[in-house]
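Subject: Structure handover

Hi,

Here is the structure I promised to pass on. Have a look, and my notes follow below.

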Amino acid sequence: MSTAEPMSGPVPIVLAGARGHGRWHLDNIRRLQDKGIVRLAGVCELTPLTPAEIPEGLGTPEQSADFGALLDTTGARIAVVCTPIPTHTDLALTAAGKGVHLLLEKPPAPSYAEFRRMAEGVAEAGVVCQIGFQSLGSHAVPAIRELIGNGAIGDIAGVGGAGAWARAESYYRRAPWAGKRRLNGVDVIDGALTNPLAHAVATALALAGATRADDVTRIETELAHANAIESDDTSCVRVSTADGLEIVVAATLCAEDPDDPYVVVHGNRGRITYWYKQDRVLLQRAGHGPEEFEYGRTDLLENLVEHLVDGTELLVPPAATESFMRVVEAIRVAPDPVQLPDDAWRPLPDEERRVVPGIDGLVAAAADTLALFSELGAPWAFPTAHPKEVSP
């Protein structure tokens, strides 16, 4: 239960960052407003939205580039923060200082220190913060955890994650911080595993039951990029847990044939594959035919409102993302990603993007065997282990 006073009626919301991914939040707020759950009271953008940028039915919310002032004048009870990664902590603390609850987009911060500063400040202020890992709102996650607990696939050896996506070169020109590890001396860490395919990492950790900082004992990273960027676009990470499990997540934004990302739980008597964008699960186990399930999903903003109204359990509090932030920190302190040699990638002019031949198979093999790119024979992969930095 939250320590906050219970809410009732449509809850006034301010959205900070309404362009880019923020457009998804605008549409979602419109959906919840139609249900009488919330009301869009304000939009914080450096340049105000035009009427055409505001979905029909949301009216004319107050707009300002001053987040704190907007929270005051609108009487907002919840702020949705969907702004550049380095701004998350300060904006979250601004809201918390005014008693405003939060839906904070992932990744919650660019470093573990900034994450702790945010989480501790929010807790001290007595407000509630939900981290925007939408995949963790899927009903598939507790269902898979129950299957694991019931021994459906035997003893668990580890969890793999695979994300073979594609991004045009323009993706890295969409904002000054895109594809950066740092900008003007400030951490950004906008890499494949920490931003676009962060859900694969967070979901793998959740299915392994390793969401807290103390659950992580060792992290190994292999970071590379084919694009002309500073950060990584082709990467893998292996997390060793206190329970003796290994979690390997491999990701690329340079896939030959992009496909939906997935997480796979390996048992000694079977496996469970979860396509988290589809909420679809495939159970394969000894002595049974394959079984496929589809699940519903709880929207995280709706869950936050329900938590504040009637005490419904919050799905993704900051504590549920501690181990993910340990991974972000390992990537932050790792050596800069390796620039792939010219013969390791090729341009795809029709799609204005770069492709790494063979990477789709490497990503799948990493998830399947819990091996890193270098262990699978990728000549450009250089492992870096960080056995100590995961300690507080």
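Predicted model: local features only at pLDDT ≥ 70, side-chain atom pairs only at ≥ 80, totals over all residues.

Strand β11 (residues 234-241) is mostly covered, with 8 of its 8 residues buried; buried here means under 20% relative accessible area, exposed means over 50%, and partly exposed is in between (1.4 Å probe, protein chains only). Helices (H or I, at least four residues) and strands (E, at least two) are DSSP runs, numbered from the N terminus. On one side of β11, T234, C236, R238 and S240 are all buried, and so are S235, V237, V239 and T241 on the other.

Residues are numbered from 1 along each chain as its sequence is written, and side-chain values use heavy atoms, with hydrogens and water left out.

Back to β11. Strand β10 (residues 216-225) is joined to β11 by 8 bridges, and the two run antiparallel; strands count as paired if DSSP finds at least two bridges between them. R218 has S240 of β11 as its bridge partner. Strand β12 (residues 246-252) also runs antiparallel to β11, with 7 bridges joining them, and R238 is partnered with V248 there. β11 and β12 make a hairpin with 4 residues between them, and G244 in the turn has a positive phi of about 85°.

There is also an open sheet of 6 strands with parallel pairing, in the order β3-β2-β1-β4-β5-β6. Its edge strands, β3 (62-64) and β6 (129-131), each pair on one side only. Neighbouring strands in this sheet are turned by 20° against each other on average, direction ignored (axes are lines fitted to C-alpha atoms, for helices over the stretch in contact, and angles run from 0 to 180 degrees between N-to-C directions). Within the sheet's order, β1 (residues 11-16) and β2 (residues 38-44) are joined by 6 bridges and run parallel; I13 has L40 of β2 as its bridge partner.

Now the packing. A nonpolar core is a set of buried Ala, Val, Leu, Ile, Met, Phe, Trp, Tyr and Cys residues joined through side-chain atoms within 4.5 Å. The largest one has 101 residues, and F67, I247, L301 and F324 touch the most other members. Helix α6 (residues 198-207) gives the largest share of this core, 8 residues. A second, separate core of 26 residues includes C236, L340, V356 and I359. As for F324, leaving aside residues up to four places away in sequence, its contacts (heavy atoms within 4.5 Å) include P107, F133, L193, V201 and L205.

Overall, the protein has 9 helices and 20 strands. Its radius of gyration (taken over C-alpha atoms) is 21 Å, close to the 21 Å that the globule rule (2.2 Å times the number of residues to the power 0.38) gives for 392 residues, so the protein is as compact as a globular protein of that length. The C-alpha trace spans about 60 × 50 × 40 Å along its principal axes. Buried residues make up 58% of the 392. Of the contacts with a separation of 6 or more, 70% are between residues 24 or more positions apart.

Cheers
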